[in-house]
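Below are some short notes for a colleague who has not seen this structure before. Please read them alongside the sequence and the 3D view.

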Amino acid sequence: MTILHISDLHVEPVGKLAYVRANTARRMIELTEWLRTHEETYDAIVVTGDLSCDGNIDAYHLIDAIFRSLTRPCYMVPGNHDRRKPFLECLSHFCPGYFSPENLSYSVDLPEARLFMLDTLQPGKHWGAVPEPVLDWLEAELRETKKPSLVFCHHTPVKPGMGYMDEPFGGAERLIDMLSRQPDVRLCTGHLHRPVATLAQNKVVVVTAPSVSLQMKLDLTPTGGDEFVFETPGYALHKFLEDGWVTHFGQFPFPSDFSGPWPFTNTINPTDD
Ligand SMILES: [Fe+2]
Ligand SMILES: [Fe+2]
């Protein structure tokens, strides 16, 4: 069983550029074509948040049309640039059995693996958190499962040394602690717009998928993590093998001119749910 993990689409409606210069609506056409022609390489798709730039409902309609058209199942969670209400209105069928309208966490029981999808969105905030009731639910679910598990969320509960992306994560300690007691588990995230691998609290492997649309400039200084570049976009593939979970990173063959760095002009973390 192979899970295709993509992240940070940052879709704007057709005719509007993301951050003044990224045509993310056109990128969705390229992505759709690739997903259709590579369906034999994955069994399910997971999208870890920032599907839109600011929760625009037309962007969500566009995303819905794309992922509905695929034959593989698809699962999503929101990120800090999403709005739960319009997200739910358009995309709730990609969040089966979600926890509540205020938190869209859920789990998926696949034949050979269990997926735990955590909603870490805090309206108006750039950084993420898992609320205590969701952690209680996750702990109970993990206790019951006997299958290899992947836990997906948008935010990364590890400071990656990328300046402004070195943020807090509410509930990180408890989350990592419960995952460390679970065999065959991996935490898979987005938000960093780069492929990153870390070991949270020296206990749990965390892998971050790059963005489908724009990459963060690789700047490991205190002022890094605040500009994007048009590097080759990519994805992660998670597969459970003899020695446990293995993550591969691949690149999408979409045109990239390697221009930048560019500022995230007009960026917001939507407050209106
Ligand atoms: Fe993002
Ligand atoms: Fe994000």
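1. The protein chain has 273 residues and a radius of gyration of 17 Å; a compact globule with that number of residues would have one near 19 Å, so the two agree. The radius is taken over C-alpha atoms, and the globule rule is 2.2 Å times the number of residues to the power 0.38. Along the principal axes, the C-alpha atoms fill a box of roughly 45 × 45 × 35 Å.

2. This is a predicted model, in which local features need pLDDT of at least 70 and side-chain atom pairs count only at pLDDT 80 or more, while totals for chains, interfaces and linings use all residues. Residues are numbered from 1 along each chain as its sequence is written, with chains lettered from A and ligands numbered from 1 in the order in which they are written.

3. Helix α2 covers residues 57–68. Its buried residues are A59, Y60, L62, I63 and F67. They lie on the same side of α2, because they cover an arc of only 155° around the axis (the arc of the directions from the helix axis to the C-beta atoms). Exposed A65 and R68 sit on the face turned away from that buried side.

4. G79 lies in the loop between β3 (74–77) and α3 (84–91). G79 is buried, because 29 other C-beta atoms lie within 10 Å.

Technical notes
Helix = DSSP H or I, 4+ residues; strand = E, 2+ residues; numbered from the N terminus. Buried ≥ 20, exposed ≤ 12 C-beta atoms within 10 Å, placed from the backbone. Expected span 1.5 Å × (residues − 1).
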